[in-house]
Amino acid sequence: MSAAEAQTATSAAAADRSARRERRGAPPGEPRRVGYVYVAPALVIYAVFLLFPLVRAVQISFYKWDGLTLGSWVGLRNYADILADPALRAAFGHAAVLVVFFALIPTAVGLVLASVVARARVRGLTFFRTVIFLPQVVAMVVVAVTWRQIYAPDGPINDVLRFVGLGDLARGWLGDFDLALPAVGMVGTWVSIGLCFILFLAGTGKIPRELYEAARIDGAGPIREFVSVTLPAVRNEIVVALTLTVIAALRTFDLVYVTTGGGPGNATTVPSYEVYRRAFELGAVGSAAAIGVTLTAIILLLNLVIARIGEQP
Amino acid sequence: MRRPHCVAVVLTALVIAACAPGSGSAGSDAGTPDGAGEINTDPASLGEVTLTVWDQEVRGGQDAQIEALNSAFQDEYPNITIERVSRSFEDLQATLRLAITDDEPPDVVQANNGRADMGAFVQAGLLTNLDPYRAAYAWPDRFPTSILSYSSYTEDGVTFGEGSLWGLPQMGEVVGFYYNKALLAQLGIDAPVTWDDLDAALAAAKAAGQLPLQFGNLEAWPGIHLFGAVQSRYTPADQIRDLGFGRPGAEWTTEENLQAAQTLVDWVDAGYVTPEFNGITPDDAWQAFARGEGVFMLGGTWLLADLMDAMGDDVGFTVLIAPGTDMPVATGGTSLPFAVTDATEDADAAAAYIDYITSSDAMKIVTEKGNLPVVEASEQQVSASLQGEAFAAWDAVTGSDGLLPYLDYATPNSYDLLTAQVQALMAGETEPSEFLEQLQAEYESFVGG
């Protein structure tokens, strides 16, 4: 009898006994029915404000509904339309580009910054930490309005370009068909770097200095040090940072709404913006719900993948 | 963890199998013949009534006029209490659908003219047909047909611009050319009256090193106005009306519309419009115009107050005469019409309220607070020259039936299509013919289907 089998047998026997003895022998901390009473208040609020709307959204996504009259059942047509409509596919494509700018670039830059700081004592670190984190504190709408001015044809970026003699590169960044999406993405990079940096800084702070010293004694250079010491130590922080920033990228709405409104043309539309547009402007509530549900599913899926990456040794 | 799982599955199945969305809404009793019975036009005899009114008149002068009219109405009819709920345009847009399908909707709502709003509400039977009140209050005596058509739909909500009346607006708005009087004087040019005059003025301004036309299209809606203006030069007014109201019988892919689209491209190529216009916000554009950057700027009368503040008597306003006619033609519309919900129990009081806030006396108050009254504009006393010019333009356009609908009224999807397409056209991403084909496809799929 292997250890595992033995355990199963004993625990089954124990369950029998405990049923007769009415849980008297259950160890403290083992879940009991009364636990449901403790979580009930939170569970009710969660169910009313989150689970119910979610289920309702799924339900609505199977209907063609204008928000006013009786909806008609269309099955999976709204979902099929998402795949068939090139404009919607483009919107999801734009969201994928934003993931690069919101999540991948800030994570990479944040890692480099944090490892540099971890290697050497930086004077005025508190000051830099605050400054880099500041964009996280500012409301996204304020960020968007500010960047709209920074990107304006006679805004600071173009002024600098003209000053250094690169006037040919100056343009209305948000009005350029090719550059509007990267321009919006750069705002996301600017916002996310702070979060990533602070998270990684906390992570590297836990690494004992001795590890670095040991690595140096073994002849490791800065890059080897980063790969062998820093990176494994901040794995959990990377998972957290990616989770938060990927969600931020995929649900981006306010930034696009304020800076470009999806333009020029449809160069910067994103799924969340389409949800708003369809539900409130076009009265296509079923289609809006279908996009919302799809987006939720994608976010969930990506986060499962990210969590899985974090688990691997 | 088996049981809760099952519960969730069962719950989900129950909810999905439950009533379809919208089945509990107030619209389900549509079809009751409202207003078919006796109507009462004497508010004083209606007893104690509380009217809940949802409006979006939140900006300075607009808020002032509605507040003044509400209190005057309640003073005159103490038996009626107005409960005002005011929201910004966007907030109203986002919440009105929920409110109007509620079991107890507001009595009076400001509903945007277009198909996505008023048209959809009519279709769903959520508004009261105002035809009986139109006759009782003799509104057509004071309101020109072109104005009433902006709040008219057939009873099934399918045809826009004709049929029954569902609301009444307070203010007018027309899109015309603002011009910088000082810069025009420097160029030695009079204010343009015809499109040829404008051509000459634009060329002269460019030759003199001035920016001919200030234009900022980052928010994309000014593009609709600019295209609409140029289109009114080439395309006959009745065709534009059919296109704008989304009625069958017209075509986008005509020689005239192609000329209009090509003109916009030519203007960009000739350097007539602000460089990098797709990256400039409309607010930045009018502020630049107020600083003297640009001889002309196309804009609506909603900019009157701001430009008067900024430029004083240095700014003028004009609408141009269509070639081959002697009447000015311009894109324009009304402020959001006030409509009566279907579920209200006080339709008589609601209609009386709407009549009161659109009466001749009300038009005076609307003017006093700095707005453009929808009717009787030429009878108002105004001191500032710009206001006088705008009022005269409005009267000339509506008086000669030269008011053209905003092109985005056509179909629920037109706004997004047109804004995106004009941006692409003027940026050189789309050829004029391609541009028109896109619009034609949308128009065909709408009127054909």
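Helices (H or I, at least four residues) and strands (E, at least two) are DSSP runs, numbered from the N terminus. By that count, chain B has 18 helices and 12 strands. This is a predicted model: local features need pLDDT of at least 70, side-chain atom pairs count only at pLDDT 80 or more, and totals for chains, interfaces and linings use all residues. Residues are numbered from 1 along each chain as its sequence is written, while chains are lettered from A and ligands numbered from 1 in the order in which they are written.

**Chain B as a whole**
- The C-alpha trace of chain B spans about 75 × 65 × 45 Å along its principal axes.
- A compact globule of 449 residues would have a radius of gyration near 22 Å, and the 24 Å of chain B agrees with that. The radius is taken over C-alpha atoms, and the globule rule is 2.2 Å times the number of residues to the power 0.38.
- Of the 449 residues in chain B, 52% are buried. Buried means that 20 or more other C-beta atoms, placed from the backbone, lie within 10 Å of the residue's own.
- Take the contacts in chain B between residues at least 6 apart in sequence: 77% join residues at least 24 apart. Two residues are in contact if their C-beta atoms, placed from the backbone, lie within 7 Å.

**Helices 13 and 16 of chain B**
- Helix 13 (residues 304-311) of chain B packs with helix 16 (residues 385-399) of chain B at an angle of about 150 degrees, with the axes 10 Å apart. That makes helix 13 of chain B roughly antiparallel to helix 16 of chain B (angles over 145 degrees count as such).
- B:Leu304, B:Leu307 and B:Met308 in helix 13 meet B:Leu386, B:Gln387 and B:Ala390 in helix 16. By class, this contact has 5 nonpolar, 1 polar and no charged residues. Ala, Val, Leu, Ile, Met, Phe, Trp, Tyr, Cys and Pro count as nonpolar, Asp, Glu, Lys and Arg as charged, and the others, Gly among them, as polar.

**Helix 10 of chain B**
- Helix 10 (residues 237-244) of chain B has these buried residues: B:Ile240, B:Asp242, B:Leu243 and B:Gly244.
- They pack against helix 9 (221-234), strand 12 (403-404) and helix 18 (432-448) of chain B.
- B:Gly246 follows helix 10 of chain B, and its phi is positive, near 65 degrees.

**Where chains A and B touch**
- Chain A gives 34 residues to the contact and chain B gives 39 residues.
- On the side of chain A, helix 2 (34-60) and helix 13 (271-282) are the elements that give two or more residues.
- That side of chain A has 16 nonpolar, 11 polar and 7 charged residues.

How values were computed. Axes are lines fitted to C-alpha atoms, for helices over the stretch in contact, and angles run from 0 to 180 degrees between N-to-C directions. Angles under 35 degrees count as roughly parallel, over 145 as roughly antiparallel, 65 to 115 as roughly perpendicular and the rest as oblique. A residue is buried if 20 or more other C-beta atoms lie within 10 Å of its own, exposed if 12 or fewer, and partly exposed in between; C-beta atoms are placed from the backbone.
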